[in-house]
Amino acid sequence: MNNNHKPTTDSAAPAPAPALKRRGFLGGLLAAAAGGALATIATPGQAAARAEVALDRAKWAARNHEMVAQMIAEHGKLAAGYQSSKRPYAVFDWDNTSIMNDCEEALLMHQINTLSFKLTPAEFSAITRQNVPPGPFSKDFKNAAGQIVDLEAICADLDADYAFLYANYKGMAGSKSLEEVSATLEFQDFRAKLCYLYEAVNDTHGVAVGYPWVIYFFANMSVAEVSALAEASNDAALGAALTKVKYTSPAERAGRAGVVSVSHFHGIRLCTEIATLMDALRRNGIDVYVCTASLEEVVAVFATHPKYGYHVSRDNIIGLRLERNGQVLRNAYLKDWPLTWGPGKTVAIRQVLVAQKGYGPLFVAGDSDGDYDMLRDFPETRYGFIVNRMKNGKIGELSKLAAEQIKASRPRFLLQGRQESTGNWLPAEASIKYGKTAPQLLTS
């Protein structure tokens, strides 16, 4: 980025094709899943070894807790043959694995609601179109009149909205308070249409386009500014209810795209079980890393700040990276750095960790298609641990395999249940979807 902070078109960003899709045994479910743990009988020596690792039982599925505690006992610093020069390590996804919900998407909403942009109208206009293929979005993205929306139409509407907000908001070039501008039709249109555009870009063109694109809106901000914004967003989301809200653009500002609607899942929750697992691993001589499809600096705030309780080292966080001009972020994806989603997570782990250590992770935790590859790609991995979101796709395939292995003595994959309305784990492999009351093991 030049000293005048003008963003430039990113020619080094990941290619848009092919489209990647983002960020799913039946029976007694909770009772049956929890009951699977009772079939495993530990010897007195094994039980004593697991007691040494001091892994908080909390709301773990009982069998998962037993398996993971045993893994730590067998590979940690108390195990025979442990080598401090060849420390085992674990890799965790962040969003919807280490926390409930997605901190990057929460930050987008927070950035919109607080108008935290350091972009001129011309810069904002360029970024909304940057590396996004022109033309119509997928058939799922229609306006209220039933017409498919295209990129240029919604970007033109956003151009007009942002120009108004930029000219009027005192945090930009105007004199009005955030409260005053937030009450305008232009702001309401801006929020609905920018969130809609994020969903449309990802679902139509895949995360290879959508995930770098959304972090380009941090252009012209310093790392310190992004970190402060992320912390404020985390704190707001942790204090907010877990609720899905539908945003509809005002009919009075139909513009070229027409009236559009989009839903956002508000709220974030900490995951005590992941935090205490990370602590147990470190205390037992097993290193902890995070590999995320969010901006590395954004997750670093959450994973490293003592008040959130995860205590991950900053050097151990691997995520999306932007080019910089000194400490100022540019709207350009870091050259030659993989997109840390799907196959790119495996590439990044090999590039950063396997190249240095000579071996893969002992334990990998994830929840979605973006984690499928790293959950299964390393022969050294004892467990691929799946937070059960009852999803289809590739992660659904692994979830089904994990379900089939619930009674196996030596499974490769473990499935952990969660209640989406609270964000808390359940002491079973089955989960309860948001808005539902019945536990479910696999996607129906």
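A search of the whole structure finds 23 aromatic pairs. Rings of Phe, Tyr and Trp (its six-membered ring) pair if their centres lie within 6.5 Å. Planes under 30 degrees apart count as stacked, over 60 as edge-to-face and the rest as tilted. This is a predicted model, in which local features need pLDDT of at least 70 and side-chain atom pairs count only at pLDDT 80 or more, while totals for chains, interfaces and linings use all residues. Residues are numbered from 1 along each chain as its sequence is written, and side-chain values use heavy atoms, with hydrogens and water left out.

Take W213 and F217. Their ring centres lie 5.1 Å apart and their planes stand at 90°, so this pair is edge-to-face. Both W213 and F217 are buried, where buried means under 20% relative accessible area, exposed over 50% and partly exposed in between (1.4 Å probe, protein chains only). W213 and F217 also belong to one aromatic cluster with F117, F124, Y162, Y166 and F190.

Now look at F302 and Y310. Here the centres are 6.5 Å apart and the planes are at 85°, so this pair is edge-to-face. F302 has 0% relative accessibility, so it counts as buried. Y310 has 0% relative accessibility, so it counts as buried.

Next come the helices. Helices (H or I, at least four residues) and strands (E, at least two) are DSSP runs, numbered from the N terminus. Helix α8 (residues 185–205) packs with helix α9 (residues 207–215) at about 150°, and their axes are 7 Å apart. Axes are lines fitted to C-alpha atoms, for helices over the stretch in contact, and angles run from 0 to 180 degrees between N-to-C directions. Angles under 35 degrees count as roughly parallel, over 145 as roughly antiparallel, 65 to 115 as roughly perpendicular and the rest as oblique. α8 and α9 are therefore roughly antiparallel to each other. Contact means heavy atoms within 4.5 Å. From α8, the contact includes L194 and Y198; from α9, it includes W213 and V214.

Turn to the sheet. Which order do the strands of the open sheet follow? The 6 strands run β7-β6-β1-β10-β11-β12, with parallel pairing. Two strands pair if DSSP finds at least two bridges between them. The edge strands, β7 (317–320) and β12 (413–416), each pair on one side only. From one strand to the next, the twist averages 15°. Strand β1 (residues 89–92) is joined to strand β10 (residues 363–366) by 3 bridges. F92 stands opposite A365 in β10. Helix α3 (residues 62–75) lies across β10, β11 (383–387) and β12, at about 135° to β12.
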